[in-house]
Amino acid sequence: MTDEARRNFVLLVLDEGASGREVPLPLDRPFRFGRKSEADLPLLNDPKVSGVHAQLEFDQGHWILRDLDSTNGTFIDGRKVKEVPIDHGDIFQIGATRIQLVDKALGVPSDEDMGLEIGKGMLEKSAKKKGSLVLVLLLLVLVGGAAAWYFLGQGGTRKQKRKVHKVVRLEGDLLGAGAATLEGAGAEGAWARLQGGADLGIGGSAHSGQEALHVSFASRRGVDSEEGGAALFAAAILARPLPIGQAQAYEARAFVQTHGELKVGLRLLFFREAAGPERNEETSEGSEENSDDSLFRERPDWVMGKPLQVIPGAGYKELKLQSEVPFGATRVAIALVALPEGSGEAWADFDDMALVPREQGVALVQQFAGRTVVVPDEARSTLMVRVGQRVLLRSAESLPPASGATPGMRALASALGLPLGEFFSGISLKRTEGGVVFDLVGEGRLRLLIPQEALEGGTFLLNPKNEKGEALGFDRFGPGTQVKGFRALAIGEESSRMLLRPKRGGALSAQAVPGGVELVLDAPSTLTFLFDFEEQIRLARKYLREGEAAEEAEEFGKALQAYRRVLREVPFYGSAVRSAGERRARLLNRGKAVLDRLSESFEDARFLGYLGLFQELLARIDRERALFQGTELEARFAELKEKTKKARDSILATRSEATAKDLGEVFDALVASGSPRLAAFLGEILETSYGGTEASKTRKEAIEKLLKQRSKGSGKQGK
């Protein structure tokens with residue numbers, strides 16, 4: 001047995017509420033860590049530990065620590081590792097638990113010996129085991145250890161040597177110490193993560209106290225943007241949104257310092273429902289084993305914030321944001337966002353966050369025709385229209401343009417949402433005849449949310465023009481529907497009506513989503529919200545009167561067209577729409593009943609085979625068809641008429657064959673009796689009146705011969 005095999009290795013658990021607990025290590029198999037109970041060292045109550053997180057294996061005389069693709073990673077000296085050799089005295093961290101590898105034969109190492117130390121013998125063993133790849137890895141770790149020793153002091157830790165600043169709290173701040181200054185036991189779980197391609201956790205250089213929230217993006221130079229597939233962004237969100245209570249507005253604050261090409265921002269998030277969150281599909285790991293409760297799971301209903309910005313110069317700068325509480329919001333949170341701009345290494349530190357309630361908001365509100373219209377700006381996405389407690393338009397967000405935005409920006413928009421100011425400026429709302437006009441300038445797209453409660457009175461989309469340049473009219477928008485390229489949207493009825501229409505440029509698309517309808521407007525410039533429908537109501541009443549007059553005159557086609565115009569062109573007046581719909585349905589049912597009776601008469605005529613019945617039926621079809629001309633029933637009348645004509649022609653053809661047969665027999669008798677003149681006369685009748693019959697076809701040559709002879713005889717008499 002080798003000297004290494006005789007060594008008695010154990011793990012010493014330094015945290016997890018069981019400091020000093022020893023766990024023996026086997027030499028003949030991997031030792032696994034995880035949140036599952038069957039792990040060799042189960043860490044059951046740590047949400048940052050994956051089901052199967054990491055393993056420690058004794059291989060060719062030394063221990064190898066491997067991370068098993070865990071969600072949150074395995075760390076040594078604050079750095080995430082994938083696979084690294086460790087030895088007596090080394091400390092690694094899984095979740096919130098620190099664990100030390102100890103050789104009992106050598107005794108528990110002192111504080112000065114803690115950390116990762118790799119000697120010449122370790123390098124030689126690693127080279128024998130793994131070759132050049134492991135050797136390079138160990139050299140990198142050795143260089144990193146030397147740098148840490150140089151900057152942090154010989155044998156000391158970073159935390160011991162870090163300069164401590166006085167902690168400053170904002171008066172009225174609702175955040176606990178763990179969330180605000182990242183100090184104390186509550187810091188680890190205070191902030192949820194929403195990230196792609198970034199490292200996010202407690203670390204960095206503090207603005208006050210000892211800790212900061214550190215986000216870093218590794219260098220991606222030389223990585224092809226398409227093959228790299230990195231939708232790089234990061235956001236830290238207050239893990240537990242706070243109840244709003246009686247607050248009318250909130251102010252958010254944070255201090256940030258950055259390095260490299262990086263944009264950062266502060267966000268106020270508002271939520272409507274107080275129910276438990278659901279996992280956000282954009283950030284889910286897709287595996288229960290690797291689930292992580294610190295991941296962001298709930299998309300906010302409103303996102304407030306200024307555009308992401310580059311922080312100039314070195315050192316910490318303050319970010320501030322204030323917004324009113326949107327109507328219907330019940331909870332509030334803040335988010336810290338970082339988005340790399342280049343391919344080089346970049347990082348940011350956030351510290352001293354605060355969330356303070358204010359008594360008065362800064363919303364700009366206009367009243368029009370009984371509607372309350374909340375005006376947004378570059379920092380707020382609270383474009384809202386409501387009638388009393390009933391909301392017709394809940395929120396507005398900006399979306400990246402269809403092309404040109406970075407993958408990180410698109411992913412951030414999908415997972416968290418973007419305030420209007422991220423892609424738009426010059427945002428304003430002004431009164432106009434019958435409503436308000438919403439102007440904005442930018443290159444992005446606009447997302448609007450119509451809540452389900454606003455759809456109860458009906459939802460209608462004005463379709464684009466057809467190939468003739470005619471507007472196709474309004475069509476009802478049903479659940480689960482997705483429509484692209486329409487020109488306007490009308491919702492509600494009576495006092496809750498609203499028409500939304502782009503004034504110039506852009507095309508609307510709509511999609512049914514949980515809780516309502518999502519509208520997206522490409523290349524927006526001006527949106528008109530129409531609330532006063534008096535002109536449309538007068539027009540609807542006019543069409544309704546025209547339909548009633550045509551119905552009394554039994555001009556059912558004109559009546560149906562007038563009722564259709566009410567439904568397709570001005571579906572805003574509830575009583576007119578209901579009356580037109582009922583009258584139109586009654587007329588259509590009447591036309592269908594007429595068609596049913598005419599179809600029965602057709603079957604009777606065909607059964608009897610009487611030519612007169614078919615002639616009478618054709619006349620009836622023409623009379624009824626004229627009443628429903630220009631309607632969807634006209635095609636059915638034309639189809640029945642064509643079928644009747646074919647049946648009549650079939651009877652006529654049968655009768656023609658019989659008559660032609662009789663004439664043919666007389667023709668044969670005249671030829672046989674030597675009466676060519678009379679036979680030629682009768683043959684001419686067969687050829688001209690019954691040319692398609694069998695009797696005419698079989699006697700064609702004989703008839704032509706007699707007609708030629710008659711023609712020659714007539715010529716001689718003329719001479």
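Predicted model: local features only at pLDDT ≥ 70, side-chain atom pairs only at ≥ 80, totals over all residues.
Colleague: Which residues of helix α7 are buried?

Modeller: Helix α7 spans residues 407-415. Its buried residues are Gly408, Met409, Ala411, Leu412, Ala413 and Ala415.

Colleague: What covers the buried residues of α7?

Modeller: Look for strands in contact with them. The cover includes β12 (191-196), β15 (233-238) and β21.

Colleague: Where is Asp69 found, and is Asp69 buried or exposed?

Modeller: Asp69 sits in the loop between β6 (62-67) and β7 (74-76). Exposed means over 50% relative accessible area. Asp69 reaches 56%, so it counts as exposed.

Colleague: And where is the place of Asp352, and is Asp352 buried or exposed?

Modeller: Asp352 lies within strand β22, residues 346-358. Buried means under 20%. Asp352 has a relative accessible area of 3%, so it is buried.

Colleague: Which side chain does a polar contact of 2.6 Å join to that of Asp352?

Modeller: The side chain of Ser208. Find Ser208 in the loop between β13 (199-203) and β14 (212-217). Ser208 is at 2% relative accessibility, so it counts as buried as well.

Colleague: Let me try Asp439. Where is Asp439 found, and is it buried or exposed?

Modeller: Strand β29, residues 435-442, holds Asp439. Its relative accessible area is 17%, so Asp439 is buried.

Colleague: Which side chain does a polar contact join to that of Asp439, and which residues does Asp439 touch?

Modeller: The polar partner is Thr526, at 2.6 Å. What remains for Asp439 is Gly426, Ile427, Ser428, Lys430, Ser525 and Thr526.

Colleague: On to hairpins. How many residues lie between β25 and β26?

Modeller: Start with the pairing. Strand β25 (residues 384-387) and strand β26 (residues 390-393) run antiparallel, joined by three bridges. Arg386 stands opposite Val391 in β26. The hairpin leaves two residues between the strands. Gly388, in the turn, has a positive phi of about 60 degrees.

Colleague: Now a sheet. In what order do the five strands of the open sheet run?

Modeller: The order is β27-β30-β37-β36-β33, with antiparallel pairing. The edge strands are β27 (395-399) and β33 (482-486), and each pairs on one side only. From one strand to the next, the twist averages 20 degrees.

Colleague: How many bridges pair β36 with β37?

Modeller: Six, in the antiparallel sense. Strand β36 covers residues 508-513 and strand β37 covers residues 516-521.

Colleague: Next, packing. Which members of the largest nonpolar core touch the most other members?

Modeller: The core has 100 residues. Trp191, Leu268, Phe270, Phe438, Ile450 and Phe529 touch the most other members. Strand β21 (residues 331-340) gives the most to this core, with eight residues.

Colleague: Why does this core lie between domain 2 and domain 3?

Modeller: Because both domains give residues to it. Domain 2 is 191-219 + 232-273 + 299-358, and domain 3 is 384-532. Apart from this core lies another, of 39 residues, with Phe460, Leu595, Leu598 and Ile651 among them.

Colleague: Which residues is Ile450 in contact with, beyond its neighbours within four places in sequence?

Modeller: The list has Leu392, Leu393, Leu455, Leu489, Ile491, Met498, Gly515, Gly516, Val517 and Leu519.

Colleague: Last, the chain as a whole. How many helices and strands does it have?

Modeller: There are 15 helices and 38 strands. Of the 719 residues, 46% are buried. For contacts, take pairs at least 6 apart in sequence. Of these, 66% join residues at least 24 apart.

How values were computed
Residues numbered from 1 in each chain as written. Heavy atoms only, no water. Helix = DSSP H or I, 4+ residues; strand = E, 2+ residues; numbered from the N terminus. Buried < 20%, exposed > 50% of the residue type's maximum accessible area, 1.4 Å probe, protein only. Polar contact = N/O pair within 3.5 Å; in protein donor to acceptor, adjacent residues only side chain to side chain. Contact = heavy atoms within 4.5 Å. Pairing = 2+ DSSP bridges. Axes fitted to C-alpha atoms, helices over the stretch in contact; angles between N-to-C directions. Core = buried A, V, L, I, M, F, W, Y, C linked by side-chain atoms within 4.5 Å. Domains from an automatic or database assignment.
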